[in-house]
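Please look at the sequence and the structure before reading on.

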Amino acid sequence: MPHNQMSQGVRSNIHGDQVVGKDRAEKNESEGIRGSGFSFEVLNNIHNLINEIETTKEEIKELEVFVSDLKELKDDLYKTAVSEKESFENKLNEMKKEIFQLIIPEDIVGDKDIILELSAGVGGQEAMLFARDMFEMYCHYACWKGWDCEILKFDETDIGGIKNAHIAVSGQNAFKIFKFESGVHRVQRVPKTEKAGRIHTSTMTVAVLPQPTEIEIVINPNDIELEFKRSGGAGGQHVNTTDSCVRIYHKPSGIVTESQVERNQHRNRELAMKSLRAKLYERQLEAVIKETSSSRKMQIGTAGRSEKVRTYNFVQDRITDHRAHITIHGVQSFLRGEEDFENLSHMIQQWHNIQSLADILNKYNST
């Protein structure tokens with residue numbers, strides 16, 4: 001073959017490969033790498049971060065040797081080396097967090113305020129008393145964080161327990177923290193009413209509903225029926241004197257909500273509508289989840305309402321989260337709803353991130 005023809009053929013093959021490569025890149029860019037959902041830009045950022053992490057690790061190793069050699073001198077050079085080492089370690093941690101954020105998709109409702117629905121489960125009066133303990137813990141935690149906390153429903157018993165309670169919580173990352181509370185909580189303790197000292201096991205259930213805006217959920221006034229009645233249940237002398245309880249029936253969905261926590265009928269209607277919007281929004285999210293991959297399912301509602309997520313054992317003074325297999329001690333301190341509650345939430349979030357990452361990598365490897 002003449003030289004010029006061979007060169008022309010090579011150029012043609014190279015050009016063809018470039019066109020095919022470009023088409024393949026565009027296809028992968030639009031569809032996500034092998035169905036993983038990662039664009040080339042994201043993968044490139046991850047690749048660069050990994051390289052930078054390795055470089056930073058080498059820098060830290062060299063500084064560790066340098067610090068060790070200067071340890072006995074404790075001079076300015078030693079202090080500078082220690083400070084620089086700490087700076088590199090902080091940088092390393094930040095890059096690791098950034099990789100997690102790139103790989104693991106954000107909650108599609110992560111920035112939402114929430115409505116917590118608490119219900120007493122198995123165990124009679126003891127279950128209702130435990131539901132009250134959980135109610136107070138969640139409210140105290142929201143106040144401790146400086147968040148807004150509003151009671152939408154509060155069905156109290158004569159001895160101070162609650163059958164049902166709905167709490168609206170507004171604050172930064174409220175859903176991100178509280179989403180891990182969804183499910184069945186079990187308590188093992190000796191009830192105050194137990195004379196023989198026997199340990200009882202009771203349960204209560206938590207549902208965590210992202211709170212939509214009115215723009216996201218538009219309710220046609222013709223689709224709802226309003227019912228006004230006198231409030232019932234344990235309460236003050238004014239509870240049953242006016243028709244302040246508002247019950248809303250949403251005809252298209254069959255959802256019913258009500259509120260009687262305020263004496264003002266108009267205010268109770270607002271609270272019942274807030275609960276209705278949250279329930280309708282939850283149904284929309286469920287429909288979205290069914291159409292998405294398993295890795296996305298993990299981003300919303302980490303437990304079903306019937307799944308046992310945590311046990312509070314007062315006798316052994318321990319709390320066990322059954323999803324992440326984490327056990328901590330100090331039940332009373334935990335139920336105050338401050339640092340202990342937040343620390344467990346962060347540990348479960350880390351476990352959740354690892355599970356999400358494994359799920360994504362398994363999907364990537366199987367395609």
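What does the accessible surface of the chain come to, and what percentage of it belongs to carbon and sulfur atoms? The accessible surface is about 20,800 Å², and 48% of it belongs to carbon and sulfur atoms. Such areas come from the Shrake-Rupley method with a 1.4 Å probe, and for residues only the protein chains shown count as cover.

The model is predicted: local features need pLDDT of at least 70, side-chain atom pairs count only at pLDDT 80 or more, and totals for chains, interfaces and linings use all residues. Residues are numbered from 1 along each chain as its sequence is written, and side-chain values use heavy atoms, with hydrogens and water left out.

**Overall fold**

The chain contains 9 helices and 11 strands. These elements are DSSP runs numbered from the N terminus, helices being H or I with at least four residues and strands being E with at least two. The chain has 367 residues, of which 39% count as buried. Buried means under 20% relative accessible area, exposed means over 50%, and partly exposed lies in between (1.4 Å probe, protein chains only). Contacts (heavy atoms within 4.5 Å) also describe the fold: of those between residues at least 6 apart in sequence, 62% join residues at least 24 apart.

**Aromatic pairs**

The structure holds 12 aromatic pairs. Rings of Phe, Tyr and Trp (its six-membered ring) pair if their centres lie within 6.5 Å; planes under 30 degrees apart count as stacked, over 60 as edge-to-face and the rest as tilted.

Tyr-138 is buried at a relative accessible area of 1%, and Phe-178 is buried at 0%. The ring centres of Phe-334 and Phe-341 are 5.6 Å apart with their planes at 55°, so that pair is tilted. Phe-334 and Phe-341 are both buried.

These four residues belong to one aromatic cluster, whose members include Tyr-138, Phe-178, Phe-334 and Phe-341. Elsewhere, the charged end of Arg-189 sits over the ring of Phe-314, 5.0 Å from its centre. This term requires NZ of Lys or CZ of Arg within 6 Å of the ring centre and within 35 degrees of the ring normal.

**Salt bridges**

The whole structure has 16 salt bridges, each a side-chain nitrogen of Lys or Arg within 4 Å of a carboxyl oxygen of Asp or Glu. The table lists some of them.

| Pair | N to O distance |
|---|---|
| Glu-89 and Lys-85 | 2.8 Å |
| Lys-229 and Glu-258 | 3.8 Å |
| Arg-323 and Asp-321 | 2.6 Å |

Glu-89 and Lys-85 both lie in helix H3 (residues 76-103), 4 residues apart, about one turn of the helix. Glu-89 is partly exposed, with a relative accessible area of 26%.

Where do Lys-229 and Glu-258 lie? Lys-229 is in strand S6 (residues 224-229) and Glu-258 in strand S8 (residues 255-259), so the pair ties together parts that are 29 residues apart in sequence. Lys-229 is partly exposed at 31% relative accessible area, and Glu-258 is partly exposed at 24%.

Arg-323 and Asp-321 are both buried. Finally, a network of salt bridges links Glu-150, Arg-267, Glu-270 and Lys-274.
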